Amino acid sequence: MSDPLARRIVSTGTHEAPPMLGPFSSGVSMFSVPEPDGSGERLYVGFVEDLWDKRSRSYLWRGPVALRWKELRAVPERIRQFPVANPKRYRIDRQAALPGGRIQTSVMEINLEAQPALLLQLGGGLGQPRYLDAQPLGESLPMNDSLRLLVRLSGQKVFQTDTLRLDSYVVHLGGCPPEDWMNTRVWETAHAPHLLAISRSNDPGNAVLHYLPMRPDGWTMEKLLAKPYQGDANGSFVLQMLAPYLAPHGQGGLMLHGARYRVSISLHGMDITPLERGLEYDLTSESWEPNSGETKIKYVPKP
């Protein structure tokens, strides 16, 4: 991720990418990113037509500035009396500062079906029209490899001290398109890394990005084990991470197991130490557990 804009967004923005907003496997996300001049936070909206297909088209719009943007969600639509999510229209809250320290929240609608994409302010009050205002969502940025990766992130978790900030992101790289699934093995298409971005609080533009190795279904950030002391810009964040891996099964083929790791991240590097391997996913407790030899409902071995 070499693009300076992408690096600034991942290390300063507040990210939302709620699952299942659109039908099938499309993905929408937003970043609320502080402007360098302190004037507010700019809205960036990302859209991927098919998260499962690594060749799928993706987009990123640079929107307007407000105090902040939050709560990305679906537009309520009804088909045959069942509520469904619309794949090209979403709602988001825009917050603006008012005199006296008050904050005004407006519900905005993002319409990606329009050409160009629109940002509309909802009315709906007594005697009001459905929309009070409409404006272009903003510039659709030329996509490069960095921005294509940016719009495939989700699951942001942020840890901070007075001098450092660490952002953790799930990465959805995608695999082969659906029409090729019958000709390949699922686990050959589902591998993904994990992005960890660490930066100085006063210099987010020079964030250091680390990628955990590719694993089937990616990584899960379980918890923070330790963080640097206040004032220590050279210290490390220590995370407990979990990742599945494929191992030979006694009856032939491969079976999915889990492993826990201690991951230490600083501005100077990353260290990964295995803590526990051979875990099996128990569907009863919905957690990864050591193999106790008991008969439980577990993943069926892959042929």
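Student: What percentage of the 303 residues of the protein count as buried?
Tutor: Buried means under 20% relative accessible area, exposed over 50%, partly exposed in between, with a 1.4 Å probe and protein chains only. This is a predicted model, where local features need pLDDT of at least 70, side-chain atom pairs count only at pLDDT 80 or more, and totals for chains, interfaces and linings use all residues. Residues are numbered from 1 along each chain as its sequence is written, and side-chain values use heavy atoms, without hydrogens and water. Of the 303 residues, the buried share is 46%.

Student: How many helices and strands are there in the protein?
Tutor: Both are DSSP runs, numbered from the N terminus: helices are H or I with at least four residues, strands are E with at least two. The protein has 2 helices and 21 strands.

Student: Which residue in β20 is the bridge partner of I265?
Tutor: Strand β19 covers residues 254–266 and strand β20 covers residues 269–282. The two run antiparallel, joined by 8 bridges. In β20, the partner of I265 is M270.

Student: Is E71 buried or partly exposed?
Tutor: E71 is found in strand β5 (residues 68–74). Its phi is positive, about 60°, although E71 is not a glycine. Most residues other than glycine have a negative phi. At 43% relative accessibility, E71 counts as partly exposed.

Student: Where is D217 found?
Tutor: D217 is not a glycine, yet has a positive phi of about 65°. At 56% relative accessibility, D217 counts as exposed. Its place is the loop between β16 (203–216) and β17.

Student: Which peptide bond is cis, with omega near 0°?
Tutor: Most peptide bonds are trans. P116 lies in the loop between β9 (103–111) and β10 (118–122). The cis bond runs from Q115 to P116.

Student: What percentage of the accessible surface belongs to carbon and sulfur atoms?
Tutor: Accessible areas come from the Shrake-Rupley method with a 1.4 Å probe; for residues, only the protein chains shown count as cover. The protein's accessible surface comes to about 15900 Å². The carbon and sulfur share is 52%.

Methods:
Two strands pair if DSSP finds at least two bridges between them.
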